[in-house]
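Welcome! Please take a moment to look over the sequence and the model below, and then we can walk through them together.

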Amino acid sequence: MTSPIVDLAHRLRPVVFRLYYLVRRETPQLLTLTQGSVLAELVGGGPRRMSRLAQLEGVRMPSMTDVVGRLERLGMVSRRPDPDDGRAVLVEATEAGERFYAELLAAREAQLRERLMVLDDAERAAIDAALPALTKLISDFHSDAPKADQPEKESPENPEEELISDER
């Protein structure tokens, strides 16, 4: 006998994954998932140390150096010395990176709007009613305590801002 939570997780995972995959597939793909994730973090959260980016992505520093190097060659990020520690480097999104990210989000939202238009009012209302629970589910994934060298990230006043910062 399967518990209702096990069953829900089993049914939710492929739906969420497939929806994300379809929206991502229908928009321009210039970046890998990791590159997009790093750009999203920098646009949404401001400059970050390379070590923090590596930690957030769950990769080692050499891998993050490669990711940032590619984004830098594309003109989407730049590096500068950390004013608090001259040995460290801060990575920040450039205006071109912010513009690319905004255009990507707009294209993905346009794809979703087109799909939402074919649903009836009750189906759209059901999705709308599920958003607070899905938002909480996402925030629970990010509830890990910050590391000692990183300030705590404040929760956004608008929960949708958390979703935007996680757009990949």
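## Getting started

Helices (H or I, at least four residues) and strands (E, at least two) are DSSP runs, numbered from the N terminus. This is a predicted model, in which local features need pLDDT of at least 70 and side-chain atom pairs count only at pLDDT 80 or more, while totals for chains, interfaces and linings use all residues. Residues are numbered from 1 along each chain as its sequence is written, and side-chain values use heavy atoms, with hydrogens and water left out.

## The whole chain

The protein chain holds 7 helices and 3 strands. Read from the N terminus, its elements follow the order α-α-β-α-α-β-β-α-α-α.

Of the 168 residues in the protein chain, 26% are buried; here buried means under 20% relative accessible area, exposed means over 50%, and partly exposed lies in between (1.4 Å probe, protein chains only). The chain exposes about 11,600 Å², with 58% of that supplied by carbon and sulfur atoms. Such accessible areas come from the Shrake-Rupley method with a 1.4 Å probe, and for residues only the protein chains shown count as cover. Contact means heavy atoms within 4.5 Å. Among contacts between residues at least 6 apart in sequence, 57% join residues at least 24 apart.

## Helices α2 and α3

Two packed helices are described by the angle between their axes and the distance between the axes. The axes are lines fitted to C-alpha atoms, for helices over the stretch in contact, and the angles run from 0 to 180 degrees between N-to-C directions. Helix α2 (residues 33–45) packs against helix α3 (residues 50–57) at about 125°, and their axes are 11 Å apart. The two are therefore oblique to each other: angles under 35 degrees count as roughly parallel, over 145 as roughly antiparallel, 65 to 115 as roughly perpendicular and the rest as oblique.

Which residues of α2 and α3 make the contact? Thr34, Ser37, Val38, Glu41 and Leu42 come from α2, and Leu53, Leu56 and Glu57 come from α3. By class, these are 4 nonpolar, 2 polar and 2 charged residues. Ala, Val, Leu, Ile, Met, Phe, Trp, Tyr, Cys and Pro count as nonpolar, Asp, Glu, Lys and Arg as charged, and the others, Gly among them, as polar.

## Helices α3 and α4

Next comes the pairing of α3 with helix α4 (residues 61–73), whose axes come within 9 Å and cross at roughly 105°. These helices are therefore roughly perpendicular to each other. On the α3 side, Met50, Ser51, Leu53, Ala54 and Glu57 meet Met61, Met64, Thr65 and Val68 of α4. This contact has 6 nonpolar, 2 polar and 1 charged residues.

Is glutamine 35 buried or exposed? This residue of helix α2 is buried, because its relative accessible area is 7%. Neighbours within four places in sequence aside, glutamine 35 is in contact with Leu30, Val67, Arg70 and Leu71.

Alanine 107 sits in helix α5 (residues 95–117) and counts as partly exposed, at 25% relative accessibility. Not counting residues up to four places away in sequence, alanine 107 touches Thr27 and Pro28. Threonine 27 is 80 residues away from alanine 107 in sequence, yet their C-alpha atoms are 6.2 Å apart. Alanine 110 also belongs to helix α5, and its 24% relative accessibility makes it partly exposed. Its C-alpha atom is separated by 9.4 Å from that of valine 23, which lies 87 residues away along the chain.
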